[in-house]
Amino acid sequence: MASLIKNYEAGHPNVTINRTSIGFADFTTKLTQAAATGTFPDVAAIDNADIPLYAGQGTLADLTAQDKAWPELSQYLPAVSRSVSVGDKYYGVPFRSNTSALWYNKADFQQAGITSPPSTWADLVTDAKKLTSGKRAGFCFSAAATDEGTFTFLPVLWQSGGDVPSIGDQHSQAALNLLNTMVNVDHSAPRSVLQWGQSDVADQFGTGLCAMMVNGPYALPSVQKASFQWAVAPWPAGPSGTAAPLGGEALVVGGNSAHVDAAVAFAQWLADPANDRQQLTNGLGSIPNRKDTISNPAWDWQPMVKVFAQQMATARPRGVYGPQYQQISTAISTMEQQVLSGQASPVQAAQKAGATIKPLLGHS
Amino acid sequence: MSVATPVRITGNAVTVRKQRRSAAWPYLFVLPAVVFLAGLLIYPLVLNIVLSFQDTTVSSLIRGNAPWVGVANYRAALTDPAFVQAAWHSVVFSIVSVAIQLGLGLGLALFYSGRFIGAVTMRSLYLIGYAIPIVVTAQVFRWLLDGQSGLVNSALSALHLQSQPVYWLSDPSLALPVLIVVQVWLGVPFTMVNLLAGVTTVPPELYEASTIDGAGAWRRFTSVTWPWLRPTFAATTTLSLIFTFKTFDLVWIATQGGPAGASEILPTLAYRSVFTEFLFGKGAAILNLVFAVLFVLAVGYLWSLRREERRR
């Protein structure tokens, strides 16, 4: 990122960029504080799911005209360009994208006599059971009481044929049932998933304590330390096929910015892969998110990227659920925790969450 | 000295000015402290109270035009089942862990007040635990207690005390009790050091005299140690209650209030409301209720201090 900025400043001597980087855990806290104290930056990279929240509140500049005039926008996958819009207005420039997929330990698979990664929910359940032995869990994922838990649950919900507005129906119950079977019936996934974030899951997989996990490309540093052979496969398909969540950041411009045009120009330059592909790929761990990069071998900065790019084609944004997404997210992770900790049945928990979510949808 | 004469001539004026100046001086000296307190304590407190009566959103925070909504935020907080549950957890968490902490702290204080080889070294070791940042302690306990890969389960199963792994922090009926145990671990050094200081102020003659009068160990404790220790004990209790009631980092790092709210306490609920759900007014209302409890405890603490001073 630093070298991208240096390159831009070299080509645009009248622009100075002061960069502040904030850890993921503190990010929304710090940005909210910045918004509250009137020091929201000219350009910020924010989680694409938070765009409706900030946009609905007037914190972000309306970039509809600039985005529509930008020839690159049509190159992005529909889910990606949709993630920077609210209604018919645009509030951001797509930047770095990622998604999640299934990572598996090849040595464990060989030992259990499994020749290929699971391609359906049924395979996932049987394989996880076969792979569980002693200290090693068959399947690991994050079910934490935060958006990390929701980020991991949503693809399962979509694969079941369900969606957030209809939580409470039989599809959402089937999604909960799948995870409940592995955690509480087969014990092929440990109950610890309730307190594991995605980095904890990556560490467990990297140390060989999990034969399969669901995680994003950012798990790579923990996995690269491993001494075993591993690979990545798409999410196993549910009744409604495979599906994955769209993660990553969009570049937005502060609503109070005195340099909207310069800020937009900079954001569009940063996002354009023509300027610095190296930095966007290896440097930032981005998964191809455009029609012209998704099957371009030059973007495969790591063998796993090919699979992630394939999964990216099925990715769905979370911001579509409106400005109260974070409250909805709490309801979803609570629902999952109630089921996996044995406090409620999938039917009870799904119906309760559905009632909580309904009034939070859509309106601002 | 020749300077003396002119001063005496205008003597009257000088004394008056001197008096005026001496009346202003002390206030000037406390001014930095007052500015500091006003800026860092009173301003945020007032702001938080104002916030709790407004419907504040991300944008009205910037523009400062949030509409007044009366007690709606308090009503929203108090009628939320999650609040009622978290308030109950906060009370249980604070009272149970402080009670255990005081019991253990008192026992250790009495033990280490005795003179034996290594007493000073050993009691200093307790302070190491106290000096480690809570973030580190919480993370270490999270690893130790992990049901899948934690050391606690490994040790228990190696000793054949466990056939199935216990998910200490993922089990709704265990999460809060386990956090209480960790909180006790964190708090015992503080109570021990405070009570030890109280125990060492007891004049040794009193013990000698009571021993000569034929008092046994229990009688010496109830008639000599306890009456001397009581004010310290009261102060330590209040301070521990304050520290425990406002605990946030331990719970947030270890369980984030989970599973499904089973270990949610008021500070974590308020943090979640403000920083992950952006419900500023509701979060402020919860924090003001927490503040009210802490304020009452703090007044109780000051009152017990004053009473102690008056007795001496």
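1. Are Cys140(A) and Cys210(A) buried or exposed? Cys140(A) is buried, and Cys210(A) is buried as well. The model is a predicted one, and the points below should be read with that in mind.

2. The two cysteines form a disulfide, with 1.9 Å between their sulfur atoms. The structure holds one disulfide over all chains. The link of Cys140(A) and Cys210(A) is left-handed, with -70° about the S-S bond. This pair links distant parts of the chain, 70 residues apart. Cys140(A) sits in strand S6 of chain A (residues 137-140). Cys210(A) sits in strand S7 of chain A (residues 210-215). A disulfide is a covalent bond between the sulfur atoms of two cysteines.

3. Strands S6 and S7 of chain A also belong to a sheet. It is an open sheet of four strands, in the order S6-S7-S5-S8 (chain A), and its pairing is mixed. S6 and S8 of chain A stand at the edges with a single partner strand each, so one side of each has no neighbour in the sheet. From one strand to the next, the twist averages 15°.

4. Within that sheet, S5(A) and S7(A) pair in the antiparallel sense, over four bridges. One residue to look up is Trp103(A): its bridge partner in S7(A) is Met213(A).

5. Strand S4 of chain A (residues 93-98) is a separate case to inspect. Five of its six residues are buried, so S4(A) is largely enclosed by the rest of the structure. S4(A) pairs with strand S10 of chain A (residues 247-253) in the antiparallel sense, over five bridges. Asn98(A) stands opposite Gly247(A) in S10(A).

6. Helix H14 of chain A (residues 305-312) is likewise covered. Six of its eight residues are buried, so H14(A) is largely enclosed by the rest of the structure. The buried residues are Val305(A), Val307(A), Phe308(A), Ala309(A), Gln311(A) and Met312(A). What covers them? The cover of the buried residues of H14(A) includes S4, S5 (101-105), S7, S8 (230-233), S9 (244-245) and S11 (315-316) of chain A.

7. Gln110(A) lies in helix H6 of chain A (residues 106-111). Its relative accessibility is 67%, so Gln110(A) counts as exposed.

8. Chain B needs its own paragraph. It has 14 helices and zero strands. Its elements, from the N terminus on, run α-α-α-α-α-α-α-α-α-α-α-α-α-α. The radius of gyration of chain B is 27 Å, well over the 20 Å that the globule rule gives for 312 residues, so chain B is more spread out than a compact globule. The C-alpha trace of chain B spans about 100 × 75 × 30 Å along its principal axes.

9. Some totals for chain B follow. Of its 312 residues, 40% are buried. Among contacts in chain B with a separation of 6 or more, 65% are between residues 24 or more positions apart. The accessible surface of chain B comes to about 17800 Å², and 71% of that surface belongs to carbon and sulfur atoms.

Conventions:
Residues numbered from 1 in each chain as written. Chains lettered and ligands numbered in written order. Predicted model: local features only at pLDDT ≥ 70, side-chain atom pairs only at ≥ 80, totals over all residues. Heavy atoms only, no water. Disulfide = S-S within 2.5 Å. Helix = DSSP H or I, 4+ residues; strand = E, 2+ residues; numbered from the N terminus. Buried < 20%, exposed > 50% of the residue type's maximum accessible area, 1.4 Å probe, protein only. Pairing = 2+ DSSP bridges. Contact = heavy atoms within 4.5 Å. Axes fitted to C-alpha atoms, helices over the stretch in contact; angles between N-to-C directions. Rg over C-alpha atoms; globule rule 2.2 N^0.38 Å. Areas by Shrake-Rupley, 256 points an atom, 1.4 Å probe, with all protein chains shown as cover.
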